[in-house]
Amino acid sequence: MIVVKKHHLIKSALFSVAVAALSGCSLAPGMHYQEDGVWKELTSSDEAKVIEDKVVLVRLTPKMVALQERPTAQLPDVLRDYKPDDYRIGVYDALQVVVWDHPEITMPAATSTVTGANSRIVKSDGTIFVPYVGELQLAGMTLGEARSLIATKLARYIESPQVDLTVVEYASQHFSVNGEVANPGRMVITAKPITLVDGIGIAGGFSPTADRRKVALVRDGKRHELDMIALAEQGVDLTGVFLKNGDMVHVPDNTDYKAYVIGEVNRPKAVEFSYKGLTLTEALGEVGGVSQLFSDASDVFVVRSADETGRKASVYHLDAGSPVALVVADKFALQPRDVVFVGAADVTRWNRVISQLLPSLTVVKGVDDLKDE
């Protein structure tokens, strides 16, 4: 009888997963898992040494999970420090000018004003026409500045003119929200300051497939990426991020945010992240849990590929049969494109070997039967 040690069986099961995740590397023979959580090299094979240089093998324990890196995010100074000024009149805004006790200016040949009926559109050159004073350049002014200018000009013809000026239709300043929101499009900026949160709300809010971790705000040609989940968890008040004219907000989809659960589980598949993330417990729950008949609960692995910073690829091991496993799995946060692999029980491996041998045994038996005839 040939006895195969458990750690060699684990290596074999993980081989196919690690090939893709570790960019061509495999878990080489000669690696042995110790109870202190450290993988030791049993042989001096060159292949084992190469893998050791590229892969970090980690045991999932309560202490390790407590020390795992939490996502951190920074709010760019240019976004945090911007505070909108008073609204400034712009081209194509509709203004209403009211001069009290002088309806002939407000609305010629009328004794009262109707909101919007006497609005004047700011022309492409930034001017509007006001009776008695003619064309006035108002674009770029605040309402207070424009009101004072009109009153000063009218004072030559009217004693102490009382001027009221309002914007009845905003059209000169815009921001846009596109991507995974309910109603993407171009929106106007009004006299009321609009925050990033307001802007997404005006666009109907996030869609179910929105990736809130990579919301991009493009301002003055520069792209700023915001992890709105991490910022909120860090206590950053996003209602203090104001939008300005020309800003573009893009909300990407989260279709790439998946973990792949394979091996001895009930329904192997790709599991999507929610906007809050995905834990190992949640991923296993999405696939119906580990197979009660064929899995080895002590052989749950998470394979994580190397990143652009040069960090090594990692293989995390969880003994799901231990009493603390549920707590550990529920606290261990998966990352997009992680591969969760559940190993097979020894009896399953033996049954698979037998099933592969059965066709050959059938042929042999058939030949023996012919010989006996």
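Of the 373 residues in the protein, 40% are buried, where buried means under 20% relative accessible area, exposed over 50%, and partly exposed in between (1.4 Å probe, protein chains only). This is a predicted model, in which local features need pLDDT of at least 70 and side-chain atom pairs count only at pLDDT 80 or more, while totals for chains, interfaces and linings use all residues. Residues are numbered from 1 along each chain as its sequence is written, and side-chain values use heavy atoms, with hydrogens and water left out.

The protein has 11 helices and 18 strands; helices (H or I, at least four residues) and strands (E, at least two) are DSSP runs, numbered from the N terminus.

Val122 sits in the loop between strand 5 (119-121) and strand 6 (127-130). Val122 is buried, at a relative accessible area of 0%. Leaving aside residues up to four places away in sequence, the residues that Val122 touches include Ile89, Val91, Tyr92 and Ile128, a contact being heavy atoms within 4.5 Å.

A salt bridge is a side-chain nitrogen of Lys or Arg within 4 Å of a carboxyl oxygen of Asp or Glu. Lys123 is partly exposed at 37% relative accessibility, and Glu135 is partly exposed at 43%.

The whole structure holds 11 salt bridges.
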